[in-house]
Amino acid sequence: MLAPPLQRLVTELAKLPGIGNRTAQRLAFHVLRTSDLDARALAQAIIDVKEKITFCEICFNLAEGPRCAICLDERRDRSVICVVEEPNDVIPVERTHEFRGRYHVLGGALSPIDGVDPEDLKLGELYARVAAGGVTEVVLATNPTTTGEATALHIATALRERAPGVTVTRLASGLPIGSDLEYADEVTLGRALSGRRAL
Ligand SMILES: [Zn+2]
């Protein structure tokens, strides 16, 4: 029914999460009506995000260049590392304005059923950062899900062995159990951060 180029755009847009076929059609017609300049800016932004965004060599957060903005920020406290599962989990923690330390992004959570084992996550890199010295606290901010809790426990056990002098903390309860950090509102997450407890 649609002209093939328009249909192609609908097909591509419908692959995005939360975008059904009807929404994809609406967006495709919007792109068709929009100015050449805006359409090109959208296409270029998609290309740029794939070409220019890399992972920070220290914390594995998203970066434009070898290091992310947080690792480059000298005002951020090096002695506290907040461990999260994915780069998008950094955003809700930052939004709380409760955390002035640095991050470590694991790249997922332990899940033997899905074939995610310790060596698939950036765990060795985390232990190396802690072993390098200067770290006094590691905040485990993995999601309050089964896999997130298992990951926190795994890291806590490993750090107790490798770095007994480092305090390992977990976000306080109060976060909706079974959901992801990114869906927590900043007040709840801020409270969970400031009320974190030693593991
Ligand atoms: Zn970084």
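Mentor: Before we start, one convention: a helix here is a DSSP run of H or I with at least four residues, and helices are numbered from the N terminus. Also keep in mind that this is a predicted model.

Trainee: Got it. Where do D48 and K52 sit, then?

Mentor: D48 and K52 both belong to helix α3, residues 36–52. They are 4 residues apart, which is about one turn of that helix.

Trainee: What do their side chains form?

Mentor: A salt bridge links D48 to K52, with 3.7 Å between the closest N and O atoms. That pair counts because the cut-off is within 4 Å.

Trainee: And how accessible are D48 and K52?

Mentor: D48 has a relative accessible area of 23%, so it is partly exposed. K52 is at 43%, so it is partly exposed as well.

Trainee: How many salt bridges does the count come to?

Mentor: The count comes to 9 salt bridges. One of them joins E94 and R76, whose side chains meet at 2.8 Å, N to O. That pair ties together distant parts of the chain: E94 is in helix α5 (residues 90–95), while R76 is in the loop between α4 (69–72) and β3 (80–84). The two are 18 residues apart.

Trainee: Is R76 buried or exposed?

Mentor: R76 is buried, because its relative accessibility is 5% and the buried class covers anything under 20%.

Trainee: Which residue does E12 bridge to?

Mentor: E12 pairs with K15, and their closest N and O atoms are 3.1 Å apart. K15 counts as exposed because its relative accessibility is 58%, whereas E12 is partly exposed at 44%.

Trainee: Switching topic: which residues hold the zinc ion?

Mentor: The protein donors are the SG atoms of C56, C59, C68 and C71, at 2.2 to 2.3 Å from the zinc ion. Along the sequence, those donor residues follow the spacing C-x2-C-x8-C-x2-C. As for burial, C56 and C59 are buried.

Trainee: Why is the arrangement around the zinc ion called what it is?

Mentor: It is tetrahedral because the 4 donor atoms subtend angles of 103 to 118 degrees around the ion. The rule for four donors asks that all angles lie between 85 and 135 degrees.

Trainee: Okay, pockets. How much space lies in the largest pocket?

Mentor: About 370 Å³. The lining of that pocket has 13 residues, and those nearest its centre are L9, E12, L13, L42 and I46. Two elements, α1 (4–13) and α3, each give two or more residues to that lining.

Trainee: Which element gives the most to it?

Mentor: α1 does, with 6 residues. By type, the lining of the largest pocket splits into 10 nonpolar and 3 charged residues, with no polar ones.

Trainee: How do the lining residues of the second largest pocket divide?

Mentor: Into 6 nonpolar, 2 polar and 5 charged.

Note on methods. Residues numbered from 1 in each chain as written. Predicted model: local features only at pLDDT ≥ 70, side-chain atom pairs only at ≥ 80, totals over all residues. Heavy atoms only, no water. Buried < 20%, exposed > 50% of the residue type's maximum accessible area, 1.4 Å probe, protein only. Donors = N, O, S within 2.8 Å, 3.2 Å for Na, K, Ca; no water. Tetrahedral: all angles 85-135°; square planar, octahedral: opposite > 155°, others 65-115°. 1 Å grid on protein atoms, 1.4 Å probe; cavity = no way out; pocket = protein on both sides within 12 Å on 5 of 7 lines; lining within 4 Å. Points joined across faces, edges and corners; volume = space filled by probe spheres on them. Nonpolar A, V, L, I, M, F, W, Y, C, P; charged D, E, K, R; others polar.
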